[in-house]
Amino acid sequence: MSGVEVTQLKGIVDTANSSTIKNQITDIVNTGVSTILIDCTDITFMNSAGLSTLVMLLKLSKQKGIRLCLCSIQDQVELLFNSTGMDRVFEIFEDTHAFFQTL
């Protein structure tokens, strides 16, 4: 395993693009990295389908021994995570700088 892979999600994360996101992150998982950081700066909206995709990817990552973290989540996404309790399931950082300080 090697290093950290940072990837950005953009726009709306919902049913329409959840399979694309799943494939994107699964490809990263399969490269053998030790940590994946998903930068959520440019996500404007996420619904339960998008959240379910992230939960599935978190499970996949854990099965492979990979740390999956999120950073820079915006207000609407933060509300979704807080209201579903997912803020206690995912490692969430204020920004990429805060994340890299933990390494």
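**Group meeting: a walk through the model**

Let's start with T35, which lies in strand β2. This is a predicted model, so treat it as one. Is T35 buried or exposed? At 6% relative accessibility, T35 counts as buried, because the cut-off for buried is under 20%. Which residues does T35 touch? Leaving out residues up to four places away in sequence, T35 touches G3, V4 and E5, then I66 and R67, and finally F99.

V4 belongs to a nonpolar patch on the surface, together with V6, F100 and L103. Their accessible area together is about 320 Å². L103 sits in the segment after α4, and α4 covers residues 96-100. L103 counts as exposed, because its relative accessibility is 56% and the cut-off is over 50%.

Now the inside. In soluble globular proteins, nonpolar side chains tend to be buried together. Here the largest nonpolar core has 26 residues. Which of them touch the most other members? They are I25, I38, M46 and F81. Six elements can be named as giving two or more residues to this core: β1 (2-13), α1 (15-29), β2, α2, β3 and α3. The largest share comes from β2, with six residues. There is also a second, separate core of five residues. Its members include L37, C69, C71 and F99.

Back to F81, and to its helix. Helix α3 spans residues 75-84, and V77, L80 and F81 are buried in it. Why are these three on the same side of α3? Because they cover an arc of only 95° around the axis. What do the buried residues of α3 pack against? They pack against β2 (33-46), α2 (48-63), β3 (67-71) and β4 (91-93). F81 shows this in detail. Not counting residues up to four places away in sequence, F81 touches M46, L51, L54, L70, M86, D87, F90 and I92. Turn to the face of α3 away from its buried side, and you find the exposed residues D75, L79 and S83. Just after α3 comes G85, with a positive phi of about 80°.

Next, charges. How many salt bridges does a search of the whole structure find? It finds three.

One joins the side chains of K10 and D42, at 3.8 Å, N to O. This pair links distant parts of the chain: K10 is in strand β1, D42 in strand β2, and they are 32 residues apart. K10 is exposed, with a relative accessible area of 54%. D42 is partly exposed, at 34%.

Another joins E91 and R67, at 2.8 Å, N to O. Again distant parts of the chain are linked: E91 in strand β4, R67 in strand β3, 24 residues apart. E91 is partly exposed at 34% relative accessibility, and R67 is partly exposed at 24%. Remember that R67 is also a contact of T35.

The remaining bridge joins D87 and R88, at 3.7 Å, N to O. D87 is partly exposed, with a relative accessible area of 29%. R88 is exposed, at 68%. D87 is also among the contacts of F81.

Last stop, G11, in strand β1. G11 counts as partly exposed, at 23% relative accessibility. Not counting residues up to four places away in sequence, G11 touches D42, I43, T44 and F45.

How values were computed
Residues are numbered from 1 along each chain as its sequence is written. This is a predicted model: local features need pLDDT of at least 70, side-chain atom pairs count only at pLDDT 80 or more; totals for chains, interfaces and linings use all residues. Side-chain values use heavy atoms; hydrogens and water are left out. Buried means under 20% relative accessible area, exposed over 50%, partly exposed in between (1.4 Å probe, protein chains only). Helices (H or I, at least four residues) and strands (E, at least two) are DSSP runs, numbered from the N terminus. The arc is that of the directions from the helix axis to the C-beta atoms. Contact means heavy atoms within 4.5 Å. A nonpolar core is a set of buried Ala, Val, Leu, Ile, Met, Phe, Trp, Tyr and Cys residues joined through side-chain atoms within 4.5 Å. Patches are made of residues with over 30% relative accessible area and no salt bridge: like charges are joined within 9 Å, nonpolar side chains (Val, Leu, Ile, Met, Phe, Trp, Tyr) within 5 Å. Accessible areas come from the Shrake-Rupley method with a 1.4 Å probe; for residues, only the protein chains shown count as cover. A salt bridge is a side-chain nitrogen of Lys or Arg within 4 Å of a carboxyl oxygen of Asp or Glu.
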